[in-house]
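I opened this notebook to record what I looked up in the structure, entry by entry.

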Amino acid sequence: MNALIVSALLGVLMMFSGILLKQKKALRNVAIAGMVLLLMLNVLEMAGIVLFKIDTKGMMVFDRFALLFTTIAFASTLLYLLLSARDMEKVGINYAEYFALIFFILCGITLTASFKSLLILFLGIEIISIPLYILTGSDKKNLKSNEASLKYFLLGSFSTGLLLMGIALIYGARGTFYTNDITVFTEAKPSALIVAGMLLVLFSMSFKVSAAPFHFWTPDVYDGAPTVFTSFMATIVKAAFFIAFIRLFDDAFGLLQSKWQLLVAIITVATLFIGNITAVFQQSVKRMLAYSSIAQAGFMMLSLFAMNTDAKEGLLLYTAAYSLATIGIFAVLIKMNDYSFDGFNGFARQQPLLAATTTIFLLSLAGIPLTGGFLAKFYMLKAVMISGDHLWLVIVAIFMAAISVYYYFRVIQAMYFKEGDSPPIEVSRGFKWTLVLLAALVILLGIFPSLLLNWLYF
Amino acid sequence: MVPLLLILIPLLTGLTAFFIKNEKAVRSWVLLSSGLTLSISLLGLTVLKEDKFLQFQCEWLQTLGSSFSVRLDGMGQLLCLLNAVAYPLILLATWNSSYKKSHNFFALMLLAQAGMMGVFLAMDALLFYFFWELALIPMYFLCSIWGGEKRIAVTFKFFIYTFVGSLLMLIGILFIYSHSPSHSFDIASFYEIHISSKQQQLVFWLFFIAFAIKMPIFPFHTWQPDTYEQAPTATTMVLSGVMVKMGVFGLIRWLLPVVPVASYQWGDVITTMAIIGMIYASLIAIQQDDLKRLVAYSSIAHIGLMCAAIFAENQSGMQGVMIQMFNHGINIIGLWIVVEIIERQFGTRKISELGGLAQKAPAMALLFVIVALANLALPLTNAFPGEFLMFNGLFNSLVTKYSVWFTAFAGISIILAAVYTLNMIRKVFYGNMNELTATVRDVRSNEKLALGIIVILIFCIGVYPQALLNVTKEFSEAIVKKADILPLFRGH
């Protein structure tokens, strides 16, 4: 509850500080200070200190799972701001508004992490999506950015329409928006209405997390959006949608698992396949990362498929590991002059520290042990393995992970083993140290995941 | 405490080495570190023999059912010793080779050593997998940065091969874990697993492919000659001397006792594959003109015999494999040292371009001939007891009907080994000198020292193998007993 109120207030505050503060540095510092405050208040809430008490009539519940995820999301956003806030200056003149929109998105994330009612879910998704449409198109003079924004807006509103229709059908069947009440039925055969509603919701959510075959918007939007915002969209926002996804299906449709499990399996396999195979053929690192985010979404879908304790723990770990690593890579990518693979040639000679940290992030995304990415993938596979006889899915996922090594390692190969003479880039000391911190976190998660996951219980 | 130190010393010194920019300083630092590791390993073997020194366990990933559990048992002792002996030898022998950014080179070498130590010591499947991959990553960078002309593509092939293998193993580990009674990754619970024969076969192949790629066993060997050829020689020594033992080791510790029924069912197929590989690799070795590739193929042949002997599933074969793992490690490092000297002097590895080295470099010739003869398993050299035990095991195996045939065909490869080894010696060291080889200079003192140590080890173990055999005796007995499936039949 702390985070919900404060993030909305901070969004408003940022909009006004855009008028009052003329210096960009001051704006940035206000935003980062606000982010720190938000994170601290959220951690306080985990410790039991709640500043605002509002009766939500049970439509929201701030349980451990929700709070831990929002903490992960806020911490990632803080790191993201520390790394990339400076680069937002280059996007356009509305510097303060970008921060305001990000805070509004965080408000939406709080909603989607803790909803108990389909209305709140819908509200959260809209609060996340609308600022995203704006951020995607924020590079106003760039045709690609405009195109991406329009595409995202049209397809996004279409899928939101599907979601609403699904919610309406479910309401028609059960007469309630409360997710917990949707499952409580004893009839042997669920009505067609509720199954149809569930499918619509499933498709709409698949769109939001860019699972195949609803992924077509992703590469274009991620590629067209200003790279700073792609970083935010592809990590924290995507993670938030996933949390909403698993929460919804766990609460509302858990008992219907037999109805949707096969469908989810198909979506998972398709996502893994399309994401990984297409990523192999990309020439631009940015586009490769867009497809890689689809591929990683495929892995996260496994948690939905398995739907047990391991899956939920693993998803939290996955969102943390994936967000940290991807934010780090994007932060480096933004600094590059050339987004193609060749642009990274000889990078290790020029910037040894940046290259080393990027390597750690890439290893994490590829799922090499000792990084958070490995344990995250491991949790997913383990969850599927103990959920029953689904060895085939594990094998498919493993082979796709092996393919992913190819495109992640292409960047490593370019950085370390190839000679290149791209013009030198300049980075500040603070940027370097933040990257090192990020890399350290990725490794720490890979060795002691319990540091994160214990928060779920204690 | 000992196992923990064996992992931590190379790990920490390796990480420090990244920051020592002076080449001479980093070399001395690495030598110091590897000397320390060697002495710890020897201490563990001789003085600190009580259990409390030889194992270490602490909580780690508790919710996953995994713990940081390391122990030095017989096979662990032997392979850690090999790992610890190999590094000082390699450093000594390549003291004069210089590398660009040498601090990174040596740091990665030490990290690889730490990874391999971990593989040999881990008593927890997840930990084992961790180290298995960790040993691979430094190797990938070592070969790709400091390797030969085609290094990037070749190393990537090597990496993808082994990575796919280890991922398959990961599925196997997860499968056993999900069927283990106590839901734990501990090796003890892996040994107690009860799964049907069909499930055992699945697990068997998931694990076997990973190990077969690492060893390598025909037909999974295609990465190996290219990688050995392209990698910097010091790295090749680590790869062929120590790292391939990870595969053999994996078969013995994680495959045979965990899925004995499937090992019995597929034993004949595997042995056949191994023996085809032995003969095939030997035939190719005869045709090779490149010294590095010749040694690489000879290594495939030797490893094939070890694989066949493991699936003989008896004490003699198992003990032979144990001692041979150690011997093969030091012998092949000896071969590489000479190849490295030749390549550095003449800039070529082609046998056809060399000749008559013995005339001006008698010491090199003498030392090399001894190592090469050891590679042939001549009596009095270290490989003889190992190969004898393995052949004995293969011949007397109770788990196969074709033991005579297996032994006969495996024996052919010994003859072929003599053909290519002696041929190489003749062409490179004897005969007429040409313009290129007239400039030869004999081995330097550091190289002489490294080769001398190897030769001493060759003779010591050749004359008195019992010292090493005693180390692994109990362990081999335990493994053979666990792999024995006859009690299962008697029970029904």
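A crossing counts as left-handed if the near helix is turned anticlockwise from the far one by less than a right angle, and as right-handed if clockwise. I note at the start that the model is predicted.

**Entry 1. Helices 9 and 11 of chain B**

With that definition in hand, I looked up how helix 9 of chain B passes helix 11 of chain B, and the crossing is left-handed. Helix 9 of chain B covers residues 197-214 and helix 11 of chain B covers residues 233-255. I read an angle of about 155° between these two helices, with the axes 7 Å apart. Angles over 145 degrees count as roughly antiparallel, and helix 9 of chain B is therefore roughly antiparallel to helix 11 of chain B.

I then listed the contact residues. Helix 9 of chain B contributes B:F204, B:F207, B:F208, B:F211, B:A212 and B:K214. From helix 11 of chain B come B:V244, B:M246, B:G247, B:G250, B:L251, B:W254 and B:L255. Sorted by class, the residues of this contact between helix 9 and helix 11 of chain B are 10 nonpolar, 2 polar and 1 charged.

Which peptide bonds are cis here? I found one from B:M215 to B:P216, with omega near -10°. Another cis peptide bond joins B:F218 and B:P219, with omega about 0°. I placed B:P216 in the loop between helix 9 and helix 10 (223-230) of chain B. B:P219 is also in the loop between helix 9 and helix 10 of chain B.

**Entry 2. Helices 4 and 10 of chain A**

I turned to chain A and looked up helix 4 (residues 95-114) and helix 10 (residues 227-251). They pack at an angle of about 20°, and their axes are 8 Å apart. The angle makes helix 4 of chain A roughly parallel to helix 10 of chain A. I recorded the crossing of helix 4 and helix 10 of chain A as left-handed.

On the helix 4 side of chain A I listed A:I102, A:I105, A:I109, A:T112 and A:A113. They meet A:F232, A:V237, A:A240, A:I243 and A:A244 in helix 10 of chain A. The contact of helix 4 with helix 10 of chain A has 9 nonpolar residues, 1 polar residue and no charged residues.

**Entry 3. Chain A against chain B**

How many residues does each chain give to the contact? I noted 21 residues from chain A and 21 residues from chain B. On the side of chain A that touches chain B, helix 16 (372-386), helix 17 (391-417) and helix 19 (450-453) of chain A each supply at least two residues. Helix 17 of chain A gives the most to that side, with 11 residues. By class, the side of chain A that touches chain B holds 18 nonpolar, 2 polar and 1 charged residues.

**Entry 4. Helix 16 of chain A and its surroundings**

I checked the length of helix 16 of chain A: its 15 residues reach 21 Å from first C-alpha to last, close to the 21 Å expected. Is helix 16 of chain A enclosed or open? I found 14 of its 15 residues buried, so helix 16 of chain A is largely enclosed by the rest of the structure.

In the loop between helix 15 (352-366) and helix 16 of chain A sits A:L370. A:L370 is not a glycine, yet it has a positive phi of about 80°. I counted A:L370 as buried because it has 20 C-beta neighbours inside 10 Å. Just after helix 16 of chain A, A:G388 takes a positive phi of about 140°.

I looked up B:A377 in the loop between helix 16 (362-375) and helix 17 (383-395) of chain B. Phi of B:A377 is near 65°, a positive value in a residue other than glycine. B:A377 is buried, with 25 other C-beta atoms within 10 Å.

In helix 17 of chain B, 10 of the 13 residues are buried, so this helix is largely enclosed by the rest of the structure. Among those buried in helix 17 of chain B are B:F384, B:P385, B:E387 and B:F391. The cover over the buried residues of helix 17 of chain B includes helix 13 (291-310), helix 14 (315-346), helix 16, helix 18 (403-429) and helix 19 (445-463) of chain B.

Helix 18 of chain B has 27 residues and reaches 39 Å from its first C-alpha to its last, close to the 39 Å expected.

Definitions and conventions. Residues are numbered from 1 along each chain as its sequence is written. Chains are lettered from A and ligands numbered from 1 in the order in which they are written. This is a predicted model: local features need pLDDT of at least 70, side-chain atom pairs count only at pLDDT 80 or more; totals for chains, interfaces and linings use all residues. Axes are lines fitted to C-alpha atoms, for helices over the stretch in contact, and angles run from 0 to 180 degrees between N-to-C directions. Helices (H or I, at least four residues) and strands (E, at least two) are DSSP runs, numbered from the N terminus. Angles under 35 degrees count as roughly parallel, over 145 as roughly antiparallel, 65 to 115 as roughly perpendicular and the rest as oblique. Two residues are in contact if their C-beta atoms, placed from the backbone, lie within 7 Å. Ala, Val, Leu, Ile, Met, Phe, Trp, Tyr, Cys and Pro count as nonpolar, Asp, Glu, Lys and Arg as charged, and the others, Gly among them, as polar. The expected span of a helix is 1.5 Å times one less than its number of residues. A residue is buried if 20 or more other C-beta atoms lie within 10 Å of its own, exposed if 12 or fewer, and partly exposed in between; C-beta atoms are placed from the backbone.
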